[in-house]
Amino acid sequence: MTRTYTHPSVLDGIAAGAPWADPTMDPTAIDWTARRAAAALPFPLVDGRPVNPYAPTGIRYGRNQLGHWGEQVCADTLVSLYDTNRHRWIVMVERGDGHGWALPGGYVDPGETPADAAVRELAEETGLTLPHARWHLSPPRYVPDPRASDEAWMVTVLARTWIGHHRRDDFPPVTGADDARRALWLPADAYDGQVFPAHRGLLAAELDEVTR
């Protein structure tokens, strides 16, 4: 059965003029030439409507819980350190929307680079600023966001940094803010099964790569 769905929060965002919500309810009214040219991952159009390159999601038409049509690029951060026992810790945030624990991150704003967005989102959601950090950016990748549809989806660029060895009582402080209820340093091997679904595969791949 073909399902059509757009969450009421998206309609509320449109009514409020929120910058994250495309105002049109008809994606065929959008000029897709520029959006497709700038896309991080190629995607097709069918009858003038964008199609998730990793469809089906279960919702064929509409935006589900996402405000945009088509692709939205985000930047996420993986900040890690080792304690004096050589245990690895990473910064994670508890999302305010009930989707569990996630890496700090968010939308890349128009005119902003993913690297700048990653640093900004980290500071906004955790209060953590790392002026001397060396960031390593991954290629853009599709993430299976539970809020997505066949016509609205998320792509992320992961920014990774390691900030050395610290005593447990000397971890840089983090505090949840903005979209995050809480921010904590968590053991890197305790993330499975308790994080935002869009980040499970990403974390598994990245942490496995580091430990090989």
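Me: What should I know about the model before reading it?
Reply: The model is predicted, so local features need pLDDT of at least 70 and side-chain atom pairs count only at pLDDT 80 or more, while totals for chains, interfaces and linings use all residues. Residues are numbered from 1 along each chain as its sequence is written, and side-chain values use heavy atoms, with hydrogens and water left out.

Me: How many salt bridges does a search of the whole structure find?
Reply: Side chains of opposite charge can pair when their charged atoms come close. A salt bridge here is a side-chain nitrogen of Lys or Arg within 4 Å of a carboxyl oxygen of Asp or Glu. The search finds 11.

Me: Which residues form salt bridges with arginine 120?
Reply: Among them are aspartate 109 at 3.5 Å, N to O, glutamate 112 at 2.8 Å and glutamate 124 at 3.3 Å. Asp109, Glu112, Arg120, Glu121 and Glu124 are linked in a network.

Me: Where do glutamate 124 and arginine 120 lie?
Reply: An α-helix has 3.6 residues a turn, so residues three or four places apart point the same way. Glutamate 124 and arginine 120 both lie in helix α3, 4 residues apart. Helices are DSSP runs of H or I, at least four residues, numbered from the N terminus.

Me: Is arginine 120 buried or exposed?
Reply: Buried means under 20% relative accessible area, exposed over 50%, and partly exposed in between (1.4 Å probe, protein chains only). Arginine 120 is buried, whereas aspartate 109, at 37%, is partly exposed, and glutamate 124 is partly exposed at 34%.

Technical notes
Helices (H or I, at least four residues) and strands (E, at least two) are DSSP runs, numbered from the N terminus.
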